[in-house]
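Trainee: Could you show me how to read strands and helices in a model like this one?
Mentor: Gladly, let's look together.

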Amino acid sequence: MPEGDVLRRTAARLDRALAGQEVVRAELRWPDAAGTDLTGRTVLGTRAYGKHLLTRFDDGRTLHTHLRMDGYWRVHRSGATAAPERDPWVRAVVATGSWTALGHRLGMLDVLRTADEHTVIGHLGPDVLDDDFPTAGLAGVVARYAQDPRPVAEVLLDQRVQAGFGTIWMAEALYARRTWPWTPADRVEDVATLVMTGRELMSRSVTAPRDSRVHGRAGRPCERCATPLVEGTAGTPPMERPVFYCPACQRRPLDAC
């Protein structure tokens with residue numbers, strides 16, 4: 001599933017194409033929004049929050065989309081070709097005179113009042129990539145961990161605690177801090193450093209995507225100790241998620257036995 005860094009890049013791409021421009025054509029191929037008319041409206045901008053996108057218009061409405069596992073937005077020059085729009089997986093078309101944005105395989109789509117955005121993202125924890133996260137969100141997140149006995153890998157993935165991390169940046173943060181993924185969250189020694197490490201890694205990827213050090217590399221040697229990396233599981237069916245880690249660098253603590 002796309003994570004916070006991908007959503008930030010997507011929002012920036014949509015902003016470059018649409019922000020400040022009038023919508024000349026729009027088509028929402030979604031049962032609850034099929035009759036919505038966005039033409040004539042000016043796009044104010046697109047905001048990423050966790051794994052959600054909020055595209056705001058000057059009439060006080062917001063187009064809310066979620067990429068789920070396979071969704072993505074692409075931008076094409078308006079009028080260049082209609083072929084991409086004929087893709088049966090296109091769920092949203094928003095076009096200005098210069099650019100056309102197509103939402104493919106979207107997992108969620110709503111049009112709501114901008115004032116009501118809290119109804120779709122209000123259940124989420126603070127976005128770890130927000131500028132004010134270190135001062136406005138981190139303390140509350142740390143407090144949540146102190147009360148949560150679940151494995152730390154599972155808590156990092158819980159969007160209700162903090163929004164933005166997925167399996168990639170969960171694994172990379174734990175690897176960077178040499179933390180065993182199944183350490184109870186309330187027994188992690190320095191939660192603030194762990195979460196901020198993940199934030200820093202994901203922030204770098206917003207502008208300069210890089211290959212992972214551990215995620216998706218089961219069987220390959222750890223770059224630090226050469227021990228083969230392994231894959232485990234966090235969570236319970238049907239919400240289980242893969243966890244990649246080094247069994248030597250991220251050794252199970254003795255007091256967790």
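**Strands and helices**

Mentor: Strand S3 (residues 52-57) and strand S4 (residues 61-66) pair in the antiparallel sense, with five bridges between them. Strands pair if DSSP finds at least two bridges between them. Strands (E, at least two residues) and helices (H or I, at least four) are DSSP runs, numbered from the N terminus. This is a predicted model, where local features need pLDDT of at least 70, side-chain atom pairs count only at pLDDT 80 or more, and totals for chains, interfaces and linings use all residues. Residues are numbered from 1 along each chain as its sequence is written, and side-chain values use heavy atoms, leaving out hydrogens and water.

Trainee: Which residue does Leu54 stand opposite in S4?
Mentor: Leu54 faces His64 there.

Trainee: What is the order of the strands in the open sheet?
Mentor: The order is S2-S3-S4-S8, four strands with antiparallel pairing. S2 (43-49) and S8 (108-113) are the edge strands, each pairing on one side only.

Trainee: How do H5 and H6 pack?
Mentor: Axes are lines fitted to C-alpha atoms, for helices over the stretch in contact (heavy atoms within 4.5 Å), and angles run from 0 to 180 degrees between N-to-C directions. Helix H5 (residues 167-176) and helix H6 (residues 191-207) pack at about 125°, their axes 9 Å apart. Angles under 35 degrees count as roughly parallel, over 145 as roughly antiparallel, 65 to 115 as roughly perpendicular and the rest as oblique. H5 and H6 are therefore oblique to each other. Their contact includes Trp169 of H5 and Leu201 of H6.
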